[in-house]
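Let's take a friendly walk through a protein model, starting with a space inside and moving on to its charged side chains. Have the sequence and the structure ready.

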Amino acid sequence: MVADRLNDAAAGGATMCLPTGSTPRQAYAHLAAHGDLSGSTVFLLDEFVLPDDSPARCDSMLHRDLLNRMTHPPKRLETWDTNAPDLAAECARMEDAVNGVLDVAVLGIGTNGHLGLNEPGSPVASRSRVVELHQSTQAASTTYGSGPIPELGVTFGLADIMDASTVWLLATGTHKAAIIADALTGPIGIAIPASVLQDHPQLEVFLDPEAASRL
Ligand code: GLP
């Protein structure tokens with residue numbers, strides 16, 4: 001379903017941000033085999049500050065899980081240059097590029113409720129910036145590939161996500177059931193960044209039965 005929706009959005013010329021990690025992998029495999037993103041502009045949602053050749057980097061994952069396997073990749077792709085001498089300036093460049101243009105923000109969710117790399121405590125008004133990673137995010141990163149463990153990340157902010165016309169939140173697996181229930185049915189607050197999505201006028205949530213099991 002997610003692959004088909006992404007394909008339809010791209011056919012309509014959508015500008016989207018895409019997440020990486022384990023959650024979208026199955027959708028990306030389907031999209032790579034059957035889809036066409038050539039009408040779309042894609043921004044990478046976030047990135048770990050890791051060496052370029054690190055398999056755990058989000059751009060490595062996006063290429064490995066989707067782009068390298070596609071016949072029709074996006075017409076434009078924007079990723080984060082974490083080798084830039086001034087990371088704050090690199091975040092400002094991405095902010096300038098994305099500001100207000102996202103038709104669809106596609107998101108995963110961390111077990112601590114993070115969106116992109118907006119960890120708990122991130123301001124609702126946050127924009128693209130450098131962030132320190134929580135321990136659970138660092139632990140999750142080790143499952144993406146071998147190499148050094150990231151301490152920092154760069155990410156679009158919660159305000160960038162909330163500015164998107166439509167937000168799609170994706171979650172799979174039993175380990176996401178508790179945070180999905182808290183984020184979607186609990187109080188709204190920055191202790192659980194994903195809870196702010198309750199205020200988005202066009203939120204669509206895509207869950208497998210396991211991730212939905214506590215709703
Ligand atoms: C990671 C990624 C996010 C992702 C989220 C969930 O830290 N940087 O883009 O959406 O956390 O990851 P996963 O799908 O592997 O659980």
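Which residues line the largest cavity? The lining is made up of Val-98, Asn-99, Gly-100, Val-101, Leu-102, Arg-127, Asp-160, Asp-163 and Ala-164. Before looking further, please note that this is a predicted model, where local features need pLDDT of at least 70, side-chain atom pairs count only at pLDDT 80 or more, and totals for chains, interfaces and linings use all residues. Residues are numbered from 1 along each chain as its sequence is written, and side-chain values use heavy atoms, leaving out hydrogens and water.

**The cavity**

A cavity here is a set of points, on a 1 Å grid over the protein atoms alone, where a 1.4 Å probe fits but cannot get out; its lining residues have an atom within 4 Å of a point. Grid points are joined across faces, edges and corners, and the volume is the space filled by probe spheres set on them. Searching the whole structure turns up 1 cavity of 30 Å³ or more, and the volume of the largest cavity is about 40 Å³. Its lining residues comprise 4 nonpolar, 2 polar and 3 charged ones. In this sorting, Ala, Val, Leu, Ile, Met, Phe, Trp, Tyr, Cys and Pro are nonpolar, Asp, Glu, Lys and Arg are charged, and the others, Gly among them, are polar.

**The salt bridges**

The whole structure holds 11 salt bridges, each a side-chain nitrogen of Lys or Arg within 4 Å of a carboxyl oxygen of Asp or Glu. Here are some of them:

| Asp-65 | Arg-25 | 3.2 Å |

How many residues apart are Asp-65 and Arg-25? They are 40 residues apart, so this pair links distant parts of the chain: Asp-65 lies in helix α3 (residues 58-65) and Arg-25 in helix α2 (residues 25-34). Helices are DSSP runs (H or I, at least four residues), numbered from the N terminus.

Is Asp-65 buried or exposed? Asp-65 is buried because its relative accessibility is 7%, where buried means under 20% relative accessible area, exposed over 50%, and partly exposed in between (1.4 Å probe, protein chains only).

Asp-52 is exposed at 52%, while Arg-57 is buried at 1%. In the remaining pair of the table, Glu-78 is buried at 16% and Arg-76 is partly exposed at 36%. Finally, shared partners join the salt bridges of Glu-47, Asp-52, Arg-57 and Asp-59 into one network.

Note on methods:
1 Å grid on protein atoms, 1.4 Å probe; cavity = no way out; pocket = protein on both sides within 12 Å on 5 of 7 lines; lining within 4 Å. Helix = DSSP H or I, 4+ residues; strand = E, 2+ residues; numbered from the N terminus.
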